[in-house]
Amino acid sequence: MTSGKKILLVDDDAVMQRVLQLWLRKAGFDCVLAEDGQVAANLLHAGQFDAVLVDLMMPIMDGFRFLKWARQEARISTPILVLSAAANAQVRQDVEAAGANAVLSKPVQSRALLEALTRILE
Amino acid sequence: MARVMTPPKIFVVPGVLSLLCIAVWSLELADGFKLTDNAFYDRVARNRPGNGGQDSPILLLELPSGVAADPDALVQGLRTDGAGQVFLALADVDRPPAGAELLPVTLATQERGVFRRAVLKSDPEGKARLIDFFAAPPRIPRLSYDQLLRRELVAGALKERGVLVARSLPQQAPGLSTPLHDAGDQISLGEVQAYALVTAVRGSWIREIQPGMSLLLIMIAIGLGYFAERFTLAQVGLWILLVLCACLFLVAWIILSLSMILLPISAMIAAHSGAFFLLQQRRLRAEAELLRSTSFYVSQHLHQRSHPNELADPSQTAALLGQLVSLVLGPERYALWESDRAGAFKLIAASRKVGLSPAHLAEELTRSAESAPPIPSARVFDDASATEVTHVSRLIHAGEKVGLWALSFEQGATPGMPLLKAMAGEAARVIDANSPTPSDRVSPAHALNASMAEMELYVGGLENLFENLSVAAVMYDLYGRAVLVNNMFKALAARSNAIRWQEGPVHLLRTLTGLDDTQSRRFLRHAYIAEKPLRFAASVPAMEARTFVLTLSAVGKSGGRSHPDIVRPEGIAIELHDITGSSLNSASRETIVSRLATQLRNDLEAFSLGVEVLDDPDLAADEREEVALLLRDKTNSAAQLLLDVEHNLQRACVPGETLLRFPVDTKEAVARALTQIPREIRERIDFISPEFGPLAFAAPQELSETIGAALTFAANNCTARERVRLELIDEPANVEFQIVSPSSVLPEENLQKYLFGTTMILSSEFRDLRNGLQLVERWGGTASARFLTDSGLNLRLGLEKFL
């Protein structure tokens, strides 16, 4: 069901980018990389994606600002899954209120990540 | 150390009072007070209302001198006219005719020329009694001899009355002195005899107190004197004495006037006054002794408190003094002399050979008091250079010249006069304390002076210490009055009008802690009675951004028994500790831990997914190698992160540095700054920041103040109501605060001159920002301010990033 779905992966950490890219490919997703929120915004504006997987802590435009831009300014309805190492209850609440479809705390189990992606893509 | 707790027993009070009583009584019995008692009686007699006058039982008929009257016919005539008894006091009549009798009283010997007493002829003891003189007119009624001859007596004038027939004095003859008249105003012998006769007929002799009763009255007077002295203050004692004497006098007067009893008033007043003065003398001596003991105690106590133990050893005094002078004043050369009471000087410490003799120096010093010529260093010290300036001064302690010092300084390096004076005082005190005959052991007056000098130095030092404490403190006495308020507390009160320390500790506690009055009183009592400090979280109105801890503690109670005669301040101290910096630093530490955990979780994510990717059998070999390499790099970077954090934490707070810096959450610093600036400015700020504020090296509170100053500066220097943009930029090695105010118009030259130059500035806006920019640079950051025609004012504060 997830096969061939196009995912925009937004993370400033090169290792995470590459590892997640390989993992997503293994899971059957197509993956496009963006190193910060600003790049992601441009890509999202220009192309069609089935979902966005975004980290919160990034330079220039962080995940939270990207989320607000996508939902409030660009009015984009693409499902967005937020990954964060600082996803405490308050952050989770803020992110969800800003329009995230799901929030996962790092380190995340691959099974949970896959389930979350499958769920938001339904 | 011996403490004198009770007044010394100078003499036993009851014994002395008994001796006084016996002495006064003996004097009374020996007529020692006769003169004054008589004077008292005379005074009362002249002023009291008489009981004679119209109803006198005796008429006085004075036969003119030179008239020969037949006594028989005279008596017969008087009897015929209705006279009662007729008394003859005629020298030429030895045997009274029928119907008459000789005068039954005889005047006693005059006392200092005054007739006061008479003796009843019928009294076998022949006791001289005091005649009841009465001064109220018309005194003794008289019968004129001419009237008698002309038979012109008023009908009934003689009825039931006796007549004393006496002979009047010749016109040139002097009269007799009696209590009724002052000197020079005398009356006839017949009239005196008539007073004595009236007193005898009436039986109204003035009664005098028996010896036993005198003793009792003297004892009562002594008792009054004792109580007057015992229960009154020394300052009003004399007045109490005079009032009691006046009371005794008045009572004696009334008793004499109404009851015809003459009290031993002189003896009583003497006994009363004597007791009072003896006891007062004893009290004064006891107080003097106590004062001496107290001054000795205070002196010794203060010596112990304020001198190093080494100063107890005279051999070390000089070395210590030399160290003291060198350390505090740092002279090029110094010399210290001790002088004895004879004025001889002895060199006790010197850094170089001294040229001029101390006696010569002292002479010059005396002369310099008039003309103030400088004493060249070269004359005082052998090897002084031409650029040295000498300071020569006598060392005086408690008014005593105890020594002399000479100090030379390089030009421009002379300490201020207050410091020189203070050190001269200290040196004098040490020399005096270790001299063979220290001034405070010479006499009580010197002891007191010395003690007072010690006390002033000590108390002055403590007050100065209190004034300049780095915590805000106020001390209240037990009446709730503020007795000491230090500078920091006054400064705090000046910033927050709600702090009205003058209104007492309860009000202050309520204002700062939010406790109600009842709770405040309970805690104040507890702090004082239990002598255990109590601490409360406190908030100062108008300074809500800062965090305070309020400490309540008892003052002046500890230390065991205190000397009963030394005033010790007792009360409550309230201290306010500003712990804003500490609490912010603590919050920063929590942030560091949280950020570190986040970063490690982030790294673990890579490992978790990376391991799974590596497990994929379909993974290409080059990709497998790439992932393995990436994970190894990640491991290294995580390890490096931990090392960096440890290193940065060590760099954060370096002991000994004057300015401490900590990892500060920059976003929180901005949030705090926004709460500290005025609302009208806050509402014009657009704040842009990442979700998580990076940590940077700074001091939490000072960073907020700097940002606040920058925002205020930018907002106040642009077109009214224009918005100001603050952006927090997270860069790899730095965190930058960028403040842009597009509508600001400030000359670039002025901006640089006032914000980064050394020009003195009066504007608080410029001053606060300049201080803030300097702080940023001292934290290792960068600061810049530019005015650009297209973008307006542009302030950039860059800080070194921690994590």
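B:Ile240 has a relative accessibility of 30% and therefore counts as partly exposed in this predicted model. The residue lies in helix α7 of chain B. B:Ile240 also contributes to a nonpolar surface patch of about 700 Å², together with B:Leu233, B:Val236, B:Leu238, B:Trp239, B:Leu242 and B:Phe277. Helix α7, which covers residues 234-259 of chain B, supplies five residues of this patch, the largest share.

An α-helix has 3.6 residues a turn, so residues three or four places apart point the same way.

Over all chains, the structure holds eight aromatic pairs. One of them joins B:Phe40 to B:Trp253 in an edge-to-face arrangement. This pair links distant parts of the chain, since B:Phe40 belongs to helix α2 and B:Trp253 to helix α7 of chain B, 213 residues apart. B:Phe40 is counted as buried because its relative accessibility is 5%, under the 20% limit. B:Trp253, by contrast, has a relative accessible area of 22% and is partly exposed. A second pair is formed by B:Phe523 and B:Phe536, whose planes meet at 70 degrees, so the pair is edge-to-face. Here too, distant parts of the chain are linked: B:Phe523 lies in helix α16 (residues 517-530) and B:Phe536 in strand β17 (residues 534-538) of chain B, 13 residues apart. B:Phe523 is partly exposed at a relative accessible area of 23%, whereas B:Phe536, at 14%, is buried.

The geometry of the two pairs is set out below.

| Aromatic pair | Centre to centre | Angle between planes |
|---|---|---|
| B:Phe40 and B:Trp253 | 6.4 Å | 80 degrees |
| B:Phe523 and B:Phe536 | 5.1 Å | 70 degrees |

Ring pairs also join B:Phe40 and B:Trp253 with B:Phe249 into a cluster.

Charged side chains accompany some aromatic rings. B:Arg522 lies over the face of B:Phe523, at 5.4 Å from the ring centre; B:Phe523 is also the ring that pairs with B:Phe536. In chain A, the charged end of A:Lys6 sits over the ring of A:Phe49, 4.9 Å from the centre of that ring.

Key:
Residues numbered from 1 in each chain as written. Chains lettered and ligands numbered in written order. Heavy atoms only, no water. Patch = residues over 30% accessible without salt bridge, like charges linked within 9 Å, V, L, I, M, F, W, Y side chains within 5 Å. Areas by Shrake-Rupley, 256 points an atom, 1.4 Å probe, with all protein chains shown as cover. Salt bridge = Lys/Arg side-chain N within 4 Å of Asp/Glu carboxyl O. Helix = DSSP H or I, 4+ residues; strand = E, 2+ residues; numbered from the N terminus. Buried < 20%, exposed > 50% of the residue type's maximum accessible area, 1.4 Å probe, protein only. Phe/Tyr/Trp six-rings, centres within 6.5 Å; stacked < 30°, edge-to-face > 60°. Lys NZ or Arg CZ within 6 Å of the ring centre and 35° of its normal.
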